[in-house]
Amino acid sequence: MTDAPLLEPKDCALLFADQQAGLAFGVSSIDRQVLLNNVVALAKTATAFNLPVIASTSATKVYSGPLMPAISAALPGIVPIERRNMNVWEDDHAREAILATGRRRLIVSGLLSEACVSFVVLSALAAGLEVYVVGDACGGLTAAGHDLALRRMEAAGAKPTSWIQVLLELQRDWTRHETYDHARAIVEAHGGGYGIGLSYARDMIHPT
């Protein structure tokens, strides 16, 4: 594990587990359109900061469908790893892809919180990775189930976070010019009132 208290792009990889429409249909812990907005924002954040991304899907042909198109569009060149079991970590190909990144901090977004998210998080923690669960980019069958899954993962050592915290933590300084434009565009497109405020500040406030 790293001793750095804050996320740095060089330390992180991002896993999208089963972000598929067939599973999103069952989500009731968060508005599904809000969930999709948050996941797309997180995917764009990974691209903006050049994080290695692993996407894994299951049951694409029989129920769950492919990686949702809006997420796929935000992850150009990423081919999801198909698997049969619920736990990403128990699939040799997916687990090896995660470990091959060489990153010890794993950021996780997925469906469903009660199963595919919590299983891989608990397994990755047991394997010695530092794991961050993006709670507002995950969805559960019920609000209670989602909350209980997050509490169990946190008790095991996972660190809960949100997509906007991940982005701002990676950026941290708006004078980091190499990622400024991308980060700001993501916030403006997906950050609700905060994004509206950034747009307003850019267009209306002129220092004298």
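**Labels and their grounds**

Reply: Start with charge. The protein carries 17 positive and 21 negative side chains, and the centres of the two sets lie 2 Å apart. Keep in mind that this is a predicted model.

Me: Which side chains count as positive and which as negative here?

Reply: Lys and Arg are the positive ones, Asp and Glu the negative ones; His and the chain ends are not counted.

Me: Why is the protein called as compact as a globular protein of its length?

Reply: The protein has nine helices and six strands. Its radius of gyration is 17 Å, and the globule rule gives 17 Å for 208 residues, so the label holds. The C-alpha atoms fill a box of roughly 60 × 35 × 35 Å along the principal axes.

Me: What share of the residues counts as buried, and what does the surface consist of?

Reply: 50% of the 208 residues count as buried. The protein exposes about 9,900 Å², and carbon and sulfur atoms supply 58% of that area.

Me: Why is Thr57 called buried?

Reply: Thr57 has 4% relative accessibility. Buried means under 20%, so Thr57 qualifies. Thr57 sits in strand β2, residues 53-58.

Me: What makes the pairing of Thr57 and Glu82 a polar contact?

Reply: The two side chains meet at 2.8 Å.

Me: Why is Ala59 called partly exposed?

Reply: Ala59 stands at 29% relative accessibility. That falls between the 20% and 50% limits, so the label is partly exposed. Ala59 is in the loop between β2 and α3 (69-74). Ala59 has a positive phi of about 50° without being a glycine.

Me: Why is Asp181 called exposed?

Reply: Asp181 has 57% relative accessibility, and exposed means over 50%, so Asp181 passes. Asp181 lies in helix α8, residues 177-190. Asp181 and Val27 are 154 residues apart in sequence and 33 Å apart in space, C-alpha to C-alpha.

Me: Which residues of α7 are buried, and what covers them?

Reply: In α7 (residues 163-171), Trp163, Val166, Leu167, Glu169, Leu170 and Gln171 are buried. Their cover includes α2 (32-48), β4 (105-110), β5 (130-134), β6 (159-161) and α8. Just after α7, Arg172 takes a positive phi of about 60°.

Me: How do you know that the bond joining Leu111 and Leu112 is cis?

Reply: Omega is about -5° for that peptide bond. Most peptide bonds are trans. Leu112 is placed in the loop between β4 and α5 (113-126).

Conventions:
Residues numbered from 1 in each chain as written. Predicted model: local features only at pLDDT ≥ 70, side-chain atom pairs only at ≥ 80, totals over all residues. Heavy atoms only, no water. Helix = DSSP H or I, 4+ residues; strand = E, 2+ residues; numbered from the N terminus. Buried < 20%, exposed > 50% of the residue type's maximum accessible area, 1.4 Å probe, protein only. Rg over C-alpha atoms; globule rule 2.2 N^0.38 Å. Areas by Shrake-Rupley, 256 points an atom, 1.4 Å probe, with all protein chains shown as cover. Charge placed at Lys NZ, Arg CZ, Asp CG, Glu CD. Polar contact = N/O pair within 3.5 Å; in protein donor to acceptor, adjacent residues only side chain to side chain. Contact = heavy atoms within 4.5 Å.
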